[in-house]
Amino acid sequence: TEQPQTGRLALYLLGLRATCPRPEPHRALVTWLKYYLEEDWTGSRRHGHPLTSYYQYGLGMLALCVHHKRVREEVIHRLLEAQHHGRLGHSGTTVDTEAVVALAFTCLERRRLVGARLVAELQAAAEGMSRNMAEAQGPDGIIGNIYSTPWALQASVFLATGVCQTESAYSRAMAALMENLDAFGTAATMAQVLPVLHGHSYLDIASMHCQEEPDTLTPLDIIEPPTEVPRNKTVQLVVECSQPWCFELRLYDRPVSVPATASLLDVLRAATTQEPQHFTFDTQDTAQGPFLIQVLGLEARQQKRNYWQLLTAPSTPLQMGVADYIPHDGETLILRLSEY
């Protein structure tokens, strides 16, 4: 059964609202998003979490709020309970999810789309998640990982609650973003970082005065990049399974030759071409790009609380996805099936 498109539709509606459309074209889409939120949870009631993820579920709630639509209290309580019991994700996704959920809670409270008795609960939950995100900031300024940093800044006290932006934590996070702008190469990741670079959050979309907004959708002239002389590099590709039911830790360890500009996804494709009988993988399309879900026939499943962790040897987690990370010549990349 195909999963509900909760996150994809939510992002589309957020973008649509930012372009100041007439109300008629997207009314049906808002209705569909309400339907997806119910399907997302009902289809996985026995597991106690959405079919997609709490991240997508929170995005759906945020998009409805930005479009000034009420959210059923039962839907809100599902996220409040998950936040209270620490079930919003593993170490690689908690910051993203908490940030999205905190934005949704803050939006509902500010737009007065919930009853008075829920306001205090939403405020307390949002403040708790903001503290968690502050504690997740590393010495390099990055909060969680480079992709979760814009979300964290949107939801943190620095933007969503209007606290002065001279705070050192904010400055360090912004400096980290500026140093890693090349990581934001897809439309979805650009959409996350651009509001922060301009001192805004997705909450501002809800209060836009569309009559005053200029047309920002005029395309710029495209400049063709200079032609590069093709070169090759060799990457050592390692697959590990840290689960107790795996017979051995290291399942694959081979050098893979690829063009110098190849991404990790290109490395995986080259490994499949190089040894089709010994290496296989599969990805799932998400708004942030392809997500690795299967390697050597081993699937990462949310129900089993495992995922494919991406590392550069010996044990440094990658801050980018498979399509965005560009390994260097001689680097060893590890795909590790891990549990959260």
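**Sheet and helix packing**

Guide: This is a predicted model. An open sheet of 5 strands is present, with the order S2-S1-S8-S6-S7 and mixed pairing.

Visitor: Which are the edge strands?

Guide: They are strand S2 (250-259) and strand S7 (316-317), each of which pairs on one side only.

Visitor: And in what sense do S1 and S8 pair?

Guide: Strand S1 (residues 232-241) and strand S8 (residues 332-339) pair in the parallel sense, over 6 bridges. Opposite Gln236 stands Thr332 in S8.

Visitor: Which strands does helix H10 lie across?

Guide: Helix H10 (residues 264-274) lies across S1, S2, strand S6 (306-312) and S8. Relative to S2, helix H10 runs at about 105°.

Visitor: Switching to the helices: at what angle do the axes of H7 and H9 cross?

Guide: The axes of helix H7 (residues 148-155) and helix H9 (residues 187-197) cross at roughly 45° and come within 9 Å. H7 is therefore oblique to H9.

Visitor: Is that crossing left-handed or right-handed?

Guide: The crossing of H7 and H9 is left-handed.

Visitor: Which residues make the contact?

Guide: From H7, the contact is made by Pro150, Trp151, Leu153 and Gln154. H9 contributes Gln192, Val193, Pro195 and Val196.

Visitor: How do those residues divide into nonpolar, polar and charged?

Guide: The contact of H7 with H9 has 6 nonpolar residues, 2 polar and no charged.

How values were computed. Residues are numbered from 1 along each chain as its sequence is written. This is a predicted model: local features need pLDDT of at least 70, side-chain atom pairs count only at pLDDT 80 or more; totals for chains, interfaces and linings use all residues. Side-chain values use heavy atoms; hydrogens and water are left out. Axes are lines fitted to C-alpha atoms, for helices over the stretch in contact, and angles run from 0 to 180 degrees between N-to-C directions. Helices (H or I, at least four residues) and strands (E, at least two) are DSSP runs, numbered from the N terminus. Angles under 35 degrees count as roughly parallel, over 145 as roughly antiparallel, 65 to 115 as roughly perpendicular and the rest as oblique. A crossing is left-handed if the near helix is turned anticlockwise from the far one by less than a right angle, and right-handed if clockwise. Contact means heavy atoms within 4.5 Å. Ala, Val, Leu, Ile, Met, Phe, Trp, Tyr, Cys and Pro count as nonpolar, Asp, Glu, Lys and Arg as charged, and the others, Gly among them, as polar. Two strands pair if DSSP finds at least two bridges between them.
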